[in-house]
Amino acid sequence: MIRTCLFDLGNVLVRFCHDRMWRQIAEVVGSDDHEVARRLKGHQILTDIDTGHTTVADIANYLSDSFGCALPLDALTLAIADIFTPVPDMVALAHEVAERGHRLVLLSNTCVPHIDWLRTAPQHAELSRLLDRFDALVLSYEVAAVKPSAAIYQAALDQINCEPGECFYTDDIAEYVAAGRSHGLDAEQFVGIDELRRHLTSRGVLG
(Lines give C-alpha, C1' and ligand atoms only; values in the text may rest on other atoms or scores of the structure.)
Protein backbone atom coordinates (compact mmCIF):
# COMPACT_ATOMS: atom_id res chain seq x y z
CA MET A 1 0.00 0.00 0.00
CA ILE A 2 1.28 3.45 -0.92
CA ARG A 3 1.18 5.83 2.02
CA THR A 4 3.33 8.71 0.72
CA CYS A 5 3.87 10.34 -2.65
CA LEU A 6 7.27 11.92 -3.30
CA PHE A 7 7.15 14.42 -6.17
CA ASP A 8 9.85 16.24 -8.06
CA LEU A 9 9.18 19.94 -8.71
CA GLY A 10 10.70 21.12 -11.99
CA ASN A 11 9.10 19.74 -15.16
CA VAL A 12 6.62 17.85 -13.03
CA LEU A 13 4.59 20.38 -11.02
CA VAL A 14 6.04 23.45 -12.75
CA ARG A 15 7.80 24.07 -16.03
CA PHE A 16 11.00 26.06 -16.13
CA CYS A 17 13.06 27.61 -18.91
CA HIS A 18 16.81 28.12 -18.67
CA ASP A 19 16.81 30.04 -21.96
CA ARG A 20 14.47 32.55 -20.34
CA MET A 21 16.91 32.84 -17.42
CA TRP A 22 19.86 33.50 -19.77
CA ARG A 23 17.84 36.21 -21.56
CA GLN A 24 16.80 37.87 -18.32
CA ILE A 25 20.31 37.80 -16.90
CA ALA A 26 21.62 39.20 -20.19
CA GLU A 27 19.26 42.17 -19.84
CA VAL A 28 20.65 42.86 -16.37
CA VAL A 29 24.25 42.43 -17.51
CA GLY A 30 23.76 44.34 -20.76
CA SER A 31 25.12 41.50 -22.87
CA ASP A 32 24.01 38.76 -25.23
CA ASP A 33 22.06 35.81 -23.83
CA HIS A 34 24.30 33.32 -25.66
CA GLU A 35 27.35 34.85 -24.00
CA VAL A 36 25.69 34.70 -20.59
CA ALA A 37 24.80 31.04 -21.18
CA ARG A 38 28.37 30.30 -22.31
CA ARG A 39 29.81 31.72 -19.09
CA LEU A 40 27.25 30.22 -16.71
CA LYS A 41 25.96 26.97 -18.20
CA GLY A 42 27.62 24.06 -16.47
CA HIS A 43 29.58 26.36 -14.16
CA GLN A 44 30.19 25.06 -10.65
CA ILE A 45 28.61 28.19 -9.20
CA LEU A 46 25.17 27.02 -10.37
CA THR A 47 25.62 23.65 -8.67
CA ASP A 48 26.85 25.42 -5.58
CA ILE A 49 23.74 27.60 -5.34
CA ASP A 50 21.60 24.43 -5.43
CA THR A 51 23.60 22.96 -2.55
CA GLY A 52 23.45 26.19 -0.54
CA HIS A 53 27.18 26.74 -0.82
CA THR A 54 26.87 29.98 -2.75
CA THR A 55 24.38 32.84 -3.09
CA VAL A 56 22.99 35.21 -5.68
CA ALA A 57 25.48 37.76 -4.36
CA ASP A 58 28.31 35.38 -5.27
CA ILE A 59 26.87 34.99 -8.77
CA ALA A 60 26.60 38.78 -9.02
CA ASN A 61 30.27 39.12 -8.07
CA TYR A 62 31.26 36.50 -10.64
CA LEU A 63 29.25 38.19 -13.39
CA SER A 64 30.50 41.63 -12.39
CA ASP A 65 34.08 40.43 -12.72
CA SER A 66 33.32 38.53 -15.92
CA PHE A 67 31.50 41.36 -17.70
CA GLY A 68 33.17 44.31 -16.02
CA CYS A 69 30.03 45.92 -14.67
CA ALA A 70 28.20 46.39 -11.40
CA LEU A 71 24.95 44.44 -11.10
CA PRO A 72 21.84 45.36 -9.10
CA LEU A 73 21.25 42.39 -6.80
CA ASP A 74 17.45 42.62 -6.80
CA ALA A 75 17.28 42.64 -10.59
CA LEU A 76 19.67 39.70 -10.87
CA THR A 77 17.70 37.73 -8.27
CA LEU A 78 14.48 38.24 -10.21
CA ALA A 79 16.20 37.30 -13.48
CA ILE A 80 17.34 34.01 -11.94
CA ALA A 81 14.09 33.27 -10.15
CA ASP A 82 11.31 34.17 -12.57
CA ILE A 83 11.60 31.18 -14.90
CA PHE A 84 8.63 29.05 -13.83
CA THR A 85 5.09 28.46 -15.01
CA PRO A 86 2.70 26.13 -13.17
CA VAL A 87 1.24 22.99 -14.73
CA PRO A 88 -2.39 23.42 -13.63
CA ASP A 89 -3.42 19.79 -14.09
CA MET A 90 -0.44 18.61 -12.04
CA VAL A 91 -1.12 21.17 -9.32
CA ALA A 92 -4.69 19.86 -9.14
CA LEU A 93 -3.46 16.26 -9.05
CA ALA A 94 -1.13 16.97 -6.13
CA HIS A 95 -4.02 18.49 -4.19
CA GLU A 96 -6.13 15.44 -5.06
CA VAL A 97 -3.46 13.07 -3.72
CA ALA A 98 -3.31 15.03 -0.46
CA GLU A 99 -7.09 15.18 -0.15
CA ARG A 100 -7.24 11.39 -0.40
CA GLY A 101 -5.17 11.18 2.77
CA HIS A 102 -1.71 10.46 1.43
CA ARG A 103 1.38 12.14 2.80
CA LEU A 104 2.91 14.47 0.21
CA VAL A 105 6.64 15.22 0.12
CA LEU A 106 8.56 17.37 -2.35
CA LEU A 107 12.08 16.37 -3.46
CA SER A 108 13.82 19.04 -5.52
CA ASN A 109 17.19 20.25 -6.70
CA THR A 110 16.57 23.95 -6.19
CA CYS A 111 17.86 27.15 -4.63
CA VAL A 112 16.72 29.94 -2.35
CA PRO A 113 15.67 32.43 -5.07
CA HIS A 114 13.57 29.80 -6.84
CA ILE A 115 11.67 28.71 -3.73
CA ASP A 116 11.27 32.31 -2.58
CA TRP A 117 9.82 33.25 -5.96
CA LEU A 118 7.44 30.27 -5.98
CA ARG A 119 6.24 31.31 -2.54
CA THR A 120 5.75 35.01 -3.30
CA ALA A 121 5.06 35.57 -7.02
CA PRO A 122 1.66 37.30 -7.04
CA GLN A 123 0.83 36.04 -10.54
CA HIS A 124 1.18 32.42 -9.38
CA ALA A 125 -0.37 32.40 -5.90
CA GLU A 126 -1.54 28.82 -6.47
CA LEU A 127 2.10 27.69 -6.30
CA SER A 128 2.50 29.07 -2.81
CA ARG A 129 -0.69 27.28 -1.78
CA LEU A 130 0.65 24.10 -3.36
CA LEU A 131 3.93 24.26 -1.44
CA ASP A 132 1.93 24.73 1.75
CA ARG A 133 -0.02 21.57 0.92
CA PHE A 134 3.12 19.41 1.12
CA ASP A 135 3.76 17.74 4.45
CA ALA A 136 7.52 18.13 3.98
CA LEU A 137 9.91 19.79 1.52
CA VAL A 138 13.26 18.14 0.87
CA LEU A 139 15.22 20.90 -0.87
CA SER A 140 18.76 20.46 -2.09
CA TYR A 141 20.02 23.78 -0.74
CA GLU A 142 18.75 22.90 2.73
CA VAL A 143 20.36 19.44 2.85
CA ALA A 144 23.55 20.50 0.98
CA ALA A 145 23.14 17.72 -1.58
CA VAL A 146 21.63 17.32 -5.03
CA LYS A 147 20.02 14.38 -6.78
CA PRO A 148 21.20 11.73 -7.49
CA SER A 149 23.47 11.76 -4.42
CA ALA A 150 22.60 9.36 -1.61
CA ALA A 151 22.40 12.16 0.96
CA ILE A 152 19.35 13.84 -0.53
CA TYR A 153 17.50 10.54 -0.87
CA GLN A 154 18.29 9.73 2.75
CA ALA A 155 16.85 13.12 3.68
CA ALA A 156 13.70 12.18 1.76
CA LEU A 157 13.50 8.80 3.48
CA ASP A 158 13.63 10.64 6.79
CA GLN A 159 10.51 12.60 5.79
CA ILE A 160 8.23 10.04 4.14
CA ASN A 161 7.05 8.52 7.46
CA CYS A 162 6.69 5.05 5.94
CA GLU A 163 8.75 2.20 4.56
CA PRO A 164 10.51 3.05 1.25
CA GLY A 165 8.36 0.55 -0.64
CA GLU A 166 5.24 2.34 0.64
CA CYS A 167 6.34 5.57 -1.04
CA PHE A 168 5.69 6.33 -4.70
CA TYR A 169 8.29 8.65 -6.24
CA THR A 170 8.14 10.37 -9.62
CA ASP A 171 10.75 12.51 -11.36
CA ASP A 172 11.24 13.53 -14.97
CA ILE A 173 14.91 12.47 -15.00
CA ALA A 174 15.50 8.74 -15.44
CA GLU A 175 18.79 8.79 -13.51
CA TYR A 176 17.04 10.22 -10.48
CA VAL A 177 14.28 7.62 -10.69
CA ALA A 178 16.91 4.88 -10.79
CA ALA A 179 18.56 6.39 -7.71
CA GLY A 180 15.20 6.41 -5.94
CA ARG A 181 14.68 2.73 -6.74
CA SER A 182 18.14 1.94 -5.39
CA HIS A 183 16.91 3.32 -2.06
CA GLY A 184 13.85 1.08 -2.14
CA LEU A 185 11.31 3.62 -3.38
CA ASP A 186 8.52 2.60 -5.74
CA ALA A 187 9.58 4.98 -8.51
CA GLU A 188 8.46 5.78 -12.05
CA GLN A 189 9.73 8.36 -14.52
CA PHE A 190 7.35 11.24 -15.10
CA VAL A 191 6.47 11.51 -18.80
CA GLY A 192 3.04 13.10 -18.50
CA ILE A 193 0.00 13.43 -16.30
CA ASP A 194 -2.02 10.68 -17.98
CA GLU A 195 0.62 8.04 -17.36
CA LEU A 196 1.18 9.33 -13.83
CA ARG A 197 -2.53 8.99 -13.13
CA ARG A 198 -2.38 5.41 -14.36
CA HIS A 199 0.55 4.67 -12.05
CA LEU A 200 -1.23 6.22 -9.08
CA THR A 201 -4.54 4.51 -9.86
CA SER A 202 -2.91 1.10 -10.21
CA ARG A 203 -1.38 1.59 -6.76
CA GLY A 204 -4.65 2.66 -5.15
CA VAL A 205 -3.56 6.25 -4.60
CA LEU A 206 -6.27 7.56 -6.91
CA GLY A 207 -9.64 6.01 -7.53
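Helices (H or I, at least four residues) and strands (E, at least two) are DSSP runs here, numbered from the N terminus. The model is predicted: local features need pLDDT of at least 70, side-chain atom pairs count only at pLDDT 80 or more, and totals for chains, interfaces and linings use all residues. Residues are numbered from 1 along each chain as its sequence is written, and side-chain values use heavy atoms, with hydrogens and water left out.

Start at helix 4, residues 56-67. Just after this helix, Gly-68 takes a positive phi of about 70 degrees. The expected span of a helix is 1.5 Å times one less than its number of residues. For the 12 residues of helix 4 that gives 16 Å, and the end C-alpha atoms are 16 Å apart, which agrees.

Which residues of helix 4 are buried? They are Val-56, Ile-59, Ala-60, Leu-63 and Ser-64. Buried means under 20% relative accessible area, exposed over 50%, and partly exposed in between (1.4 Å probe, protein chains only). These five residues, Val-56, Ile-59, Ala-60, Leu-63 and Ser-64, cover an arc of only 135 degrees around the axis, which puts them on the same side of helix 4. The arc is that of the directions from the helix axis to the C-beta atoms. An α-helix has 3.6 residues a turn, so residues three or four places apart point the same way. The buried residues of helix 4 pack against helix 1 (18-29), helix 2 (33-40), helix 3 (44-50), helix 5 (73-81) and helix 7 (112-120). Contact here means heavy atoms within 4.5 Å.

Now move to strand 6, residues 167-171, which holds Asp-171. Asp-171 counts as buried because its relative accessibility is 0%. Leaving aside neighbours within four places in sequence, its contacts include Asp-8, Lys-147, Tyr-176 and Glu-188.

Next, the cysteines. The structure holds zero disulfides, a disulfide being a pair of cysteine sulfur atoms within 2.5 Å. For Cys-17, the nearest cysteine sulfur is that of Cys-111, 15 Å away. Cys-17 is partly exposed, because its relative accessibility is 29%. Cys-167 is buried, with a relative accessible area of 0%. Its sulfur is 5.1 Å from the closest cysteine sulfur, in Cys-162, too far for a bond.

Last, the largest cavity. Its lining consists of Leu-9, Val-14, Leu-118, Leu-127, Leu-130 and Leu-131. Helix 8 (residues 125-133) gives the most to that lining, with three residues. On a 1 Å grid over the protein atoms alone, a cavity is a set of points where a 1.4 Å probe fits but cannot get out, and lining residues have an atom within 4 Å of a point.

Notes: On a 1 Å grid over the protein atoms alone, a cavity is a set of points where a 1.4 Å probe fits but cannot get out, and a pocket is an open set with protein on both sides within 12 Å along at least five of seven lines; lining residues have an atom within 4 Å of a point.
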